Amino acid sequence: MTVESGSHFANRSENAPHAKSSRLPGFYELAISQRREIIEDLAGFDGKQFEKFGDFSTLSSELVNVFIENGIGTMPMPLGVATNFHINGKDVLVPMAVEETSVLAAASHGAKLARMGGGFQTSSTLPIGTGQIQLYPHHDMDFDSILEAHKQELINLAHDGQQRLLARGGGVRDMRWRYIQEIKSLVIYIDVDTRDAMGANLINTICEKLSQRVEEIIPCEMGLRILTNLCDKRIAKARCRVPKDAFKNNDFTGSEVVDRIVKAYQFAAHDAYRAATHNKGVMNGIDPVVIATGNDWRAVEAGAHAYACRSGVYSPMTVWSKDENGDLIGEIEMPMALGTVGGVTTLHPTAQASLRLMGSPNAQQLGEIVVAVGLAQNLSALRALASEGIQRGHMSLHQGNIRLANQRAQH
Ligand code: NAD
């Protein structure tokens, strides 16, 4: 391994941290090759073992160093293409990055079933994210009158310096507030149309800027200033219909399977333990597309689960019912804060290729594709659960992993 000249690392033996200590002052300032040497030493790895931390073929060391701090490698993950998706009258090939066996097969199967009823119909709201400015006012005041009087001034201030966002049609759409008596705190909500960006940094910047003026208007101790991941003004929806005959199998008639799927949904709607697993199945479809496009899946997960609690009870993210013909109807709606620019989406080569594969959607269109995949994934899982059980299909695909793990254990 090469040691870069002129770095701290030239006399590493003096500076080397104690073996097994995780205290690594200055680690972040080192070159990736130097960090790798330190970790290799600490972990007692030989060069061959260290190679398992992934090479930099697609995601170069330069990008790793820009994307994260303390980078030492990459974490490769299988990337596949889900087939059969027909969304709003068009076919879409969907890239999915995931480690779990059977996810791609299930998504493709769910899409095939939905295709028999015309595919997915999707829609979405404008890409509006929300920021929060929290403050502890020094005195009781008429907050409604004060903030109403200053609302336009604050919106103008938020727009100051955001000419490019405004030119793209984005910007602040509304400002609301509420007082939380229990913590004596006023919270201002700022709704921002972030266009094709996920918008977290954009919204946080606006919140911090506005907080300075808010402090002048309302004498206070300033609290937190950050976006909320419960972005319930940024919703993507998908719907599908599956003809009952598509479900006919050796054990059940199509109508019986439809009834059993609807009952499986009702179980999730009345039992949080079942709802958690139902929703994990939905996110099995959603996360891999979010990851393949370089988006922030923690943000999507946080929003999805918080939205699933909007009634006060943790509930399924999809709804399954039967129409007048006895066909199955599936619906999903959830917050979908995605970007096709910004974050790492623009720089990550695989994210770029994934977006191109889907026909370069904008952020709203991407969100609609993603929820359609979540609905397909859930459909496939419920169909199996409601008929032969989930293990037959899953384990037949997972056999390859088990066989390989056993072979390796024997060597
Ligand atoms: P960003 O900071 O990269 O900003 C987006 C940029 O894209 C802006 O500079 C904008 O000018 C530009 N842009 C170009 N074309 C655009 C278009 N058509 N529409 C909109 N903007 C366009 O990214 P961001 O979206 O503000 O923030 C996303 C990042 O923030 C993610 O990496 C996320 O992980 C991270 N983050 C998330 C949280 C959270 O979810 N709680 C908190 C902090 C940061």
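Which of the 19 residues around the ligand come nearest?

A: This is a predicted model, in which local features need pLDDT of at least 70 and side-chain atom pairs count only at pLDDT 80 or more, while totals for chains, interfaces and linings use all residues. Residues are numbered from 1 along each chain as its sequence is written, and side-chain values use heavy atoms, with hydrogens and water left out.

Of the 19 residues around the ligand, the nearest are Gly199, Asn201, Asn229, Asp296 and Gly343. A residue counts as near if one of its heavy atoms lies within 4 Å of the molecule. By type, the shell holds 7 nonpolar, 7 polar and 5 charged residues. Here Ala, Val, Leu, Ile, Met, Phe, Trp, Tyr, Cys and Pro are nonpolar, Asp, Glu, Lys and Arg are charged, and the others, Gly among them, are polar.

Helix 8, residues 200-217, gives the most to this shell, with 4 residues. Helices (H or I, at least four residues) are DSSP runs, numbered from the N terminus.

Next come the polar contacts, meaning pairs of N or O atoms within 3.5 Å; within protein, one must be able to donate a hydrogen and the other to accept it, and residues adjacent in sequence count only if both atoms are side-chain atoms. Asn201 places a polar side-chain atom 2.9 Å from an oxygen atom of the ligand. Leu202 has a backbone N or O atom 3.1 Å from a ligand oxygen atom. For Met198, a polar backbone atom is 3.2 Å from an oxygen atom of the ligand. The ligand taken alone exposes 880 Å², and the protein buries 69% of that. Such accessible areas come from the Shrake-Rupley method with a 1.4 Å probe; for residues, only the protein chains shown count as cover.

As for its location, the ligand sits in the largest pocket. A molecule sits in a pocket if more than half of its atoms lie within 2 Å of the pocket's grid points. On a 1 Å grid over the protein atoms alone, a pocket is an open set of points with protein on both sides within 12 Å along at least five of seven lines.

How values were computed:
On a 1 Å grid over the protein atoms alone, a cavity is a set of points where a 1.4 Å probe fits but cannot get out, and a pocket is an open set with protein on both sides within 12 Å along at least five of seven lines; lining residues have an atom within 4 Å of a point. Helices (H or I, at least four residues) and strands (E, at least two) are DSSP runs, numbered from the N terminus.
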